[in-house]
Amino acid sequence: RRMSDPVKSVASSTASAVPVGPPAPGSDTYKGWLFKWTNYIKGYQRRWFVLSNGLLSYYRTQAEMAHTCRGTINLAMAHIDTEDSCNIVLTSGGRSYHLKASSEVERQRWITALELAKAKAIGMMHEQSDDSGDEESTSQSDKSEIHSTLKTLSSKLEDLSTCNDLIGKHGAALQRSLSELESLKIPTESGDKIKTVHERATLFRITSNAMVNACRDFLELAETHSRKWQRALQYEREQRIRLEETIEQLAKQHNSLERACRQAPALTNTPAVSSTATGCAQPLKGEASDEDEETEYFDAMEDAPAFITVAADHKQHRHSGSNQNEASGGQPNDWNLEDHHLAGCNDSAGREVMPRKKRRTRIPDKPNYSLNLWSIMKNCIGKELSKIPMPVNFNEPLSMLQRLTEDLEYHDLLDKAAKCESSMEQMCYVAAFSVSSYSTTVHRTAKPFNPLLGETYELDRLEEQGYRSLCEQVSHHPPAAAHHVYSKRGWTLRQEITIASKFRGKYLSIMPLGAIHLQFHSSGNHYVWRKVTSTVHNIIVGKLWIDQSGDIDVVNHKTKETCQLKFSPYSYFSRDVARKVTGVVMDGDSKAHYILSGTWDDKLEYSKIVQSSRGNSGSEGKQKTVYQTLPSKLLWEKYPLPENAENMYHFSELALTLNEPEEGVCPTDSRWRPDQRLMESGRWDEANVEKQRLEEKQRAVRRRREAEAVEAQDDGKEYEGYQPLWFEKKVDPVSRETAFVYKGGYWEAKEKKDWKKCPDIF
């Protein structure tokens, strides 16, 4: 209060320096003198304030603008307040500016300018935020949209101008009336009130003028910069097209280099490369312990089953047992060079001649629909893909339950394993079975349908191939499926798999979570293993391709025997064959008995170890183990794909039959799923509509369950929630993990044709 009089006196002497008339909100800057509170000693001091681009800066003098700024406040984050007729308070981030104008009218001009600048700054901030997430290309329709917007703004501006004229007309009439009232002889108190009303009317006119001027300036600015914007948009569009063309060229060169690298090992017939690729080794000349130029070594490092073996002389080991002390203990006489399978396994069970039902060998060809995968996937970076609705264009006409069942393509490996007398030999077949499940994925870049909650899939091959399989979707979020297989040829397999998938921008990672359990009826051997990570590459541009990487540890919980399998990730710089798999079969004392080598998309071979010894340190300083083995034999080989498979989603013979309609299956079976059936028939547009209907139906059921849970909670009752029909949660006695286990009843219900308790999910 003490400083108010000096401010007024100074203001009166410097009124010419203060801008006259309403501010120009559309202009870049607004300048003028204001009084700023400094401290209790100096009080308010006159400062030159500049409002520009949403920032309010101040200087001691106008000359200081060229070199020294005393302070700046960002209006986008500031709070504007008024204390009395002349004071302005700006607060931002704990810092406050107490300002005072020379008059109430001048204060109102600054308030108007500050509010407009703040709104503009907030708008620019939101616009930048929106632009950062907008990656859609600008189309030709944007030009017409800009012109249409400008016309609309022009029309609205005319309306505002009309309103302004009316406001001015009525305001002038009001002021004339007030002037006439002032000329009348009325009490002093009434005169003061009339004077106050007069001032308020003046402020109202100033504000309305500022509003109209802001709209006019915005339109002028838009018209001035519209061509500039269009040129900038056109330039960015051309740059993006060039960038896409460049990336596509790089992808083509990338693929060419990849093919060249793959062909390089075949062209360079060095002993190390050829032996590694084929898994075969040449017999030594002379004594088994001798080393000459033709000896081939496979070094096995302690931390990974990547190795080179020493080929042993088969004849020498037939007549001498001196080198068997460190071997597996098996008899080399059993390792017949003419055999194609393990000596201790009777594989006749896998070759029984049974009358086979004639099944389909073709499905309709895949339609040639083009769809930009990147246009959808770019919004999914770092997200869980199971929660993102995808069109059927990215799918194959099989559900995830059917893909799980497809693991049984090479069930004969387990039939042979059930006949093995030696658990070590049985382990080789089990390991081969774990690898064989990936053989069909090399060209299968499309994703399977996410099963609906309660969806099931059965595959009954009991009479033909000795097994019957049942899958059920037991959870939706996270998606989890339970699988149970019984074989009358001596084994039972079960698994509960939860698929976790993340899109990382350049590639898609698919991580199957959960254990696979395999039990043999006669021996009681119980094997457990987990799947490796699958990666889909070239999401942005180029041809999609899949790689498998990671380790599989197959453990026999009865004997404590193990097989360590390593899936090597693909590398352009590696001399190894692509999609390589290596493994070591060890007994309970960690002594190696067999070496496995091959590729997960072609075949797997095995070699019997007859001797092991410590070798020299490797490049990483770790001591290597040298294994001396007998010649390798074929353990598993992939079946060739059917004719025209490239037009049928690269399906194998088994995959072609999985969605074939069958009578008597459960109403929740994947074969009844309508969107999947429509897609298989090539009616993709109808399939997308049907897929949305099914997903909305599932969401409605989930909302109803949630409402029931809330109602039960309000009533103090316990809500059980969704429970699968054919599987129940139990603690596994081996792994001590809780998992869904088949509780029985499905095949009995099928025999009775009693599906009353099955939900209506389709």
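The following legends describe an overview and several close-up views of one predicted protein model.

In this predicted model, local features need pLDDT of at least 70, side-chain atom pairs count only at pLDDT 80 or more, and totals for chains, interfaces and linings use all residues. Residues are numbered from 1 along each chain as its sequence is written, and side-chain values use heavy atoms, with hydrogens and water left out.

**Figure 1. Overview of the protein.** The protein contains 15 helices and 28 strands. Helices (H or I, at least four residues) and strands (E, at least two) are DSSP runs, numbered from the N terminus. Of its 762 residues, 46% count as buried; buried means under 20% relative accessible area, exposed means over 50%, and partly exposed lies in between (1.4 Å probe, protein chains only). The accessible surface comes to about 40,800 Å², and 51% of this area belongs to carbon and sulfur atoms. Accessible areas come from the Shrake-Rupley method with a 1.4 Å probe; for residues, only the protein chains shown count as cover. Among contacts between residues at least 6 apart in sequence, 59% join residues at least 24 apart, where a contact means heavy atoms within 4.5 Å.

**Figure 2. The nonpolar cores.** A nonpolar core is a set of buried Ala, Val, Leu, Ile, Met, Phe, Trp, Tyr and Cys residues joined through side-chain atoms within 4.5 Å. The largest core has 64 residues, and those with the most contacts inside it are Trp 491, Leu 493, Leu 518, Trp 529, Leu 565, Phe 567 and Leu 596. Helix H10 (residues 423–436) supplies the largest share of this core, nine residues. A second, separate core has 20 residues, including Leu 51, Leu 75, Ala 78 and Ile 111. In soluble globular proteins, nonpolar side chains tend to be buried together.

**Figure 3. The aromatic pair of Tyr 438 and Phe 567.** The whole structure holds 18 aromatic pairs. Rings of Phe, Tyr and Trp (its six-membered ring) pair if their centres lie within 6.5 Å; planes under 30 degrees apart count as stacked, over 60 as edge-to-face and the rest as tilted. The pair of Tyr 438 and Phe 567 is edge-to-face, with 5.4 Å from centre to centre and 70° between the planes. Tyr 438 lies in the loop between H10 and strand S11 (447–449) and Phe 567 in strand S21, so this pair ties together parts that are 129 residues apart in sequence. Both Tyr 438 and Phe 567 are buried.

**Figure 4. The aromatic pair of Trp 726 and Trp 755.** The ring centres of Trp 726 and Trp 755 are 6.3 Å apart and their planes stand at 90°, so the pair is edge-to-face. Because Trp 726 lies in the loop between helix H14 (684–714) and strand S27 (727–731), and Trp 755 in the segment after helix H15 (746–752), the pair ties together parts that are 29 residues apart in sequence. Trp 726 and Trp 755 are buried. Together with Tyr 746 and Trp 747, they form one aromatic cluster.

**Figure 5. Cysteine residues.** The structure holds zero disulfides, a disulfide being a pair of cysteine sulfur atoms within 2.5 Å. For Cys 563, the nearest cysteine sulfur is that of Cys 428, 7.0 Å away. Cys 563 counts as buried, at 0% relative accessibility. The sulfur of Cys 758 is 3.4 Å from the closest cysteine sulfur, in Cys 666, which is too far for a bond. Cys 758 also counts as buried, at 14% relative accessibility.

**Figure 6. Arg 579 and its polar contact.** Arg 579 is placed in the loop between strand S21 (562–567) and strand S22 (580–586). With 18% relative accessibility, Arg 579 counts as buried. Its side chain makes a polar contact with the side chain of Asp 601 (3.4 Å). A polar contact is a pair of N or O atoms within 3.5 Å; within protein, one must be able to donate a hydrogen and the other to accept it, and residues adjacent in sequence count only if both atoms are side-chain atoms.

**Figure 7. Two residues with positive phi.** Most residues other than glycine have a negative phi. Lys 560, in the loop between strand S20 (545–556) and S21, has a positive phi near 70°. Ser 590 has a positive phi of about 65° although it is not a glycine. Ser 590 lies in the loop between S22 and strand S23 (592–599), and it counts as exposed at 55% relative accessibility.
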